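Dear colleague,

I am handing over a structure that will be new to you, and I would be glad if you could look through it before reading my notes.

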Amino acid sequence: MDHKELPATVREDYISEETKKLISSLPVNKDSQGNLCKYQGCWYYYNTLQGAINFQNHFQPQDTDVILASFPKSGTTWLKALTVALLERSKHHDDHPLNHPLLSDNPHAIVPFLETKLYLRTSTPDLTKYSSSPSSSARVFATHMPLHTVKEGLRGSPCKIVYMCRNAKDVLISLWYFKCKYQKLEVTRSVLESTFESFCGGGNFYGPFWDHVLSYWRGSLEDDPSRVLFMKYEEMKEEPCVQLKRLAEFLGVPFTEEEEESGCVEKILELCSLRSLSDLAINKIGKTSSGPDYKLCFRKGEVGDSKNYLTPEMEMRIDMIIEENLKGSGLSF
Ligand SMILES: Nc1ncnc2c1ncn2[C@@H]1O[C@H](COP(=O)(O)OS(=O)(=O)O)[C@@H](OP(=O)(O)O)[C@H]1O
């Protein structure tokens, strides 16, 4: 893929002199898309590092902000959709369904990533236009940065953070598929093997996976429980109503008895389901301004799909790495 065709997050054309100096002091790595460096324990492509630093230096948090965090391919799109649907629901009753923002925009267009869409191009973006929830006072943002890096930009603000975690093997397969489709490569085992090696070595974009997950897991245990909510993709699939209600309560917008009786929980789940979202015209033909087609956000969304692709040896190796790194944390998959 031509360097100019790469998404802005992967390129190296927004880096300040100061950041260039910083990069020269950091551990560096390379993958098929470009150069990465390790900042505060996490690997970034250079432009994204610039976005993370701009976020840390310039973000002005509000106490009512909501930050949706995840490792890539862990259910970010789903979490964004569910959060928007929850916060927007008082404005979108059955008689006005077509006004719903999720029907005309992709969740990634509604909820911007702090370190990329917002802070990449400018260090002082106009955040008012990103207020994704006109009916609620909350601004909603997303991030793939680990918790300690996010906290620096939040400067002690009590805003709420929701983390969506997914089992490592399904994340890996989802990354593989995305990489092939996005880079217009054939979906081959050799690309799977290189993605696997990079993932297991921890030197991939936003990796190591286990440190990322642990930063939020520990945050959810150590911080005030009303501050960091730790969710699992697998639990969302297994008991969607229970988990959606948990998310609603955490966000301070619990379902009323009347809403539950009228099937509001189920309607939100249906609106945000992979099938419904991927059927929408916007998600079939749209694309982000700097990145991939929206349709690449949606594949199978199955738990355990990795079984169909990983050899028993690969499974054993990744299981061992994850077990070793999560040992003693109380977190398991
Ligand atoms: N609405 C909904 N419900 C359930 N699952 C969904 C949904 N939308 C996307 N997906 C699946 O999530 C995987 C993509 O992860 P992310 O959304 O985190 O990707 S990204 O990091 O934002 O690019 C990817 O998983 P895989 O199918 O296993 O590849 C998507 O299919």
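Val265 is buried, because its relative accessible area is 2% and the limit for a buried residue is under 20%. Please keep in mind throughout that this is a predicted model, and that the values in this message were computed from it. Val265 is found in helix H14, which covers residues 264-271. Leaving out residues up to four places away in sequence, Val265 touches Cys241, Leu244, Lys245, Phe255 and Glu260. The C-alpha atom of Val265 is separated by 9.4 Å from that of Val242, a residue 23 places away along the chain.

One of those contacts, Leu244, deserves a description of its own. Leu244 lies in helix H12, made up of residues 240-250, and it counts as buried because its relative accessibility is 0%. Apart from neighbours within four places in sequence, Leu244 is in contact with Leu82, Leu86, Met236, Phe255, Val265, Ile268 and Leu269. Leu244 and Pro254 are 10 residues apart in sequence, and their C-alpha atoms are 9.5 Å apart in space.

**The ligand and its surroundings**

Which residues are closest to the ligand? Of the 21 residues that surround the ligand, the closest are Lys73, Thr76, Thr77, Ser174 and Gly301. Sorted by class, the shell holds eight nonpolar, nine polar and four charged residues.

A polar side-chain atom of Thr77 lies 2.5 Å from an oxygen atom of the ligand, an N or O atom in the side chain of Ser174 is 2.6 Å from a ligand oxygen, and for the side chain of His108 the corresponding distance is 3.3 Å. The ligand taken alone exposes 640 Å², and the protein buries 95% of that area. The elements that give two or more residues to the shell are helix H3 (76-88) and helix H15 (274-279), and the largest share, three residues, comes from H3.

Lys73, one of the closest residues to the ligand, is found in the loop between strand E4 (66-70) and H3. Lys73 counts as partly exposed because its relative accessibility is 22%. Its phi is near 70°, a positive value in a residue other than glycine.

Most residues other than glycine have a negative phi, and most peptide bonds are trans. Arg155 is another residue other than glycine with a positive phi, in this case near 45°. Arg155 lies in the loop between helix H7 (147-154) and strand E6 (160-165), and with a relative accessible area of 46% it is partly exposed.

Where in the chain is there a cis peptide bond? A cis bond joins Gly207 and Pro208, with omega at about -5°, and Pro208 is found in the loop between helix H9 (189-201) and helix H10 (209-222).

**Cysteines**

How many disulfides does the count give? The count comes to zero. A disulfide is a covalent bond between the sulfur atoms of two cysteines. The cut-off used here is a sulfur pair within 2.5 Å, and the sulfur of Cys42 is too far for a bond because the closest cysteine sulfur, in Cys37, is 9.7 Å away. Cys42 is buried, with a relative accessible area of 1%. Cys241 is likewise in no disulfide, the nearest cysteine sulfur, that of Cys264, being 11 Å away. Cys241 is partly exposed, at a relative accessible area of 27%.

**Two further residues**

Is Thr116 buried or exposed? Thr116 counts as buried because its relative accessibility is 11%. Thr116 lies in helix H6, residues 114-118, and, not counting residues up to four places away in sequence, it touches Thr9, Thr48 and Tyr206.

Pro312, by contrast, counts as exposed, since its relative accessibility is 58%. Pro312 lies in helix H17, residues 312-326. The C-alpha atoms of Pro312 and Ser174 are separated by 18 Å, with the two residues 138 places apart along the chain.

With kind regards

Notes. Residues are numbered from 1 along each chain as its sequence is written. This is a predicted model: local features need pLDDT of at least 70, side-chain atom pairs count only at pLDDT 80 or more; totals for chains, interfaces and linings use all residues. Side-chain values use heavy atoms; hydrogens and water are left out. A residue is near a molecule or strand if one of its heavy atoms lies within 4 Å of it. A polar contact is a pair of N or O atoms within 3.5 Å; within protein, one must be able to donate a hydrogen and the other to accept it, and residues adjacent in sequence count only if both atoms are side-chain atoms. Accessible areas come from the Shrake-Rupley method with a 1.4 Å probe; for residues, only the protein chains shown count as cover. Helices (H or I, at least four residues) and strands (E, at least two) are DSSP runs, numbered from the N terminus. Ala, Val, Leu, Ile, Met, Phe, Trp, Tyr, Cys and Pro count as nonpolar, Asp, Glu, Lys and Arg as charged, and the others, Gly among them, as polar. Buried means under 20% relative accessible area, exposed over 50%, partly exposed in between (1.4 Å probe, protein chains only). Contact means heavy atoms within 4.5 Å.
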